[in-house]
Amino acid sequence: MTDSIAQLTIIQPDDWHIHLRDDQALATTVAHAATSFNRVICMPNLVPPVKTTTDAQAYRTRIMQHLQACDIPAERKATFDPRMTLYMTDHTSAQDIEEAVKSGIVQAVKLYPAGATTNSADGVTNINALADVFGAMEKYQLPLLLHGEVTQDHVDIFDREKRFLDEVLVQIIAKFPALKIVLEHITTSDAADFVLAQGNNIAATITPQHMMLNRNHMLLGGIKPHLYCLPILKRESHQKVLLDVATSGSPKFFLGTDSAPHPTDKKETACGCAGCYSSPTALALYATAFDSVGKIDKLEGFTSRFGAQFYGLPLNTDTVTLLKSPMQIPTSYPYFDGSTLTPLMAGETLPWSIKA
């Protein structure tokens, strides 16, 4: 509910798309995620990827071990629930899907077109060869999460999402009309319109960066490496549509930060590390975006209701309070081996903060 113009209490949010990485990285990323969210859907593009239920169970165990070592409130440890995903490959089978469903911890299957983003070399090269897998997912109502870009070298990077909709996704939906699908981290008005035109089994997540920023922010006055992510930021016209649909109250759109940690020194080199790190400040970022268009009253649905409803999960029972009080985003966070993480919009001051 809205307590006043300066305060907003909402159901504790979930993050339906996050990268925690693995091993030493978990000491930082798990603490940040568990402080901000109850449930998180953990991306499987590790090295090596999380391809089987056994892999997913082992990964979740490592996450929970780091959770217990975190210096965060006990109540956050008690409610934090990492939900696992399988990394779809050309060799994923219908049996893999059945085992995932029976496990109770695998929430979805992630499809990366090979070469689309970080650690996607093992991704799918032939969608048509996976009919049995999609059929099993449709049968068990296990959602398919899509990194929606084609990857052919000749396709312009700013057109890859639309080409994926037109050339790949329409085929999947035509053959498997009841399959639950999340088009993740959408970046274009084309994707927003596409999702709106589909049935209730098709939804999308939107990141804070794609809602608040566009390619001018990344490129004008010099390239900003910490704003480089995939799918890449698009035109301002696309950004405005994403903000519009996110704040519309449509249950087809919900929170997915795509928070993706890369050490600062790796982001600021020619390696081209793609990803924005937003996990610890994401809720304040989203609040700022919603309030910028006078739609702060729509925040709870987007952050805390619509994702759970799509996945068929109960709403969280705890709450979080936001304050209309300035908060400066840290310039960096300590990371492992003496490195740092530079967060999205580092050093900038937001008008909203989280009440301790």
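Visitor: Which residues touch the most other members of the largest nonpolar core?

Guide: In soluble globular proteins, nonpolar side chains tend to be buried together. Here the largest nonpolar core has 93 residues. M88, F134, L144, L183, M211 and L299 touch the most other members. A nonpolar core is a set of buried Ala, Val, Leu, Ile, Met, Phe, Trp, Tyr and Cys residues joined through side-chain atoms within 4.5 Å. Buried means under 20% relative accessible area, exposed over 50%, partly exposed in between, with a 1.4 Å probe and protein chains only.

Visitor: What kind of model is this?

Guide: This is a predicted model, where local features need pLDDT of at least 70 and side-chain atom pairs count only at pLDDT 80 or more, while totals for chains, interfaces and linings use all residues. Residues are numbered from 1 along each chain as its sequence is written, and side-chain values use heavy atoms, with hydrogens and water left out.

Visitor: What does M211 touch?

Guide: Leave out residues up to four places away in sequence. M211 then touches I206, Q239, L243, A246, Y286, A289, F290 and F302. Contact means heavy atoms within 4.5 Å.

Visitor: Which residues does the second, separate core include?

Guide: That core has 14 residues, including I41, V182, F254 and Y311.

Visitor: At what angle do helix α12 and helix α13 pack?

Guide: Two packed helices are described by the angle between their axes and the distance between the axes. Helix α12 covers residues 282–292, and helix α13 covers residues 299–311. Their angle is about 140°, and their axes are 9 Å apart. Axes are lines fitted to C-alpha atoms, for helices over the stretch in contact, and angles run from 0 to 180 degrees between N-to-C directions.

Visitor: Which residues make the contact?

Guide: From α12, take L283, Y286, A287 and F290. From α13, take L299, F302 and T303. By class, the contact has 6 nonpolar, 1 polar and no charged residues. Ala, Val, Leu, Ile, Met, Phe, Trp, Tyr, Cys and Pro count as nonpolar, Asp, Glu, Lys and Arg as charged, and the others, Gly among them, as polar.

Visitor: How many cavities of 30 Å³ or more does the search find?

Guide: The search of the whole structure finds 2. On a 1 Å grid over the protein atoms alone, a cavity is a set of points where a 1.4 Å probe fits but cannot get out, and a pocket is an open set with protein on both sides within 12 Å along at least five of seven lines; lining residues have an atom within 4 Å of a point. Grid points are joined across faces, edges and corners, and a volume is the space filled by probe spheres set on the points. The second largest cavity has a volume of about 60 Å³. Its lining residues include H226, H262, K267, C276 and L341. They divide into 5 nonpolar, 4 polar and 1 charged.

Visitor: Is T264 buried or exposed?

Guide: T264 counts as buried, at 11% relative accessibility. Its place is in helix α11. Setting aside residues up to four places away in sequence, T264 touches H226, T340, L341 and T342.

Visitor: Back to the backbone. Which residues does a cis peptide bond join?

Guide: P48 is in the loop between β4 (39–42) and α2 (53–69). Another joins L230 and P231, again with omega about 0°. P231 is in the loop between α9 (215–219) and α10 (236–246).

Visitor: Where is R21?

Guide: R21 is in the loop between β3 (15–18) and α1. R21 has a positive phi of about 60° although it is not a glycine. R21 is buried, with a relative accessible area of 13%.

Visitor: What is the phi of D258?

Guide: It is positive, about 55°, although D258 is not a glycine. D258 lies in the loop between β10 (253–255) and α11 (264–267). D258 counts as buried, at 7% relative accessibility.

Note on methods: Helix = DSSP H or I, 4+ residues; strand = E, 2+ residues; numbered from the N terminus.
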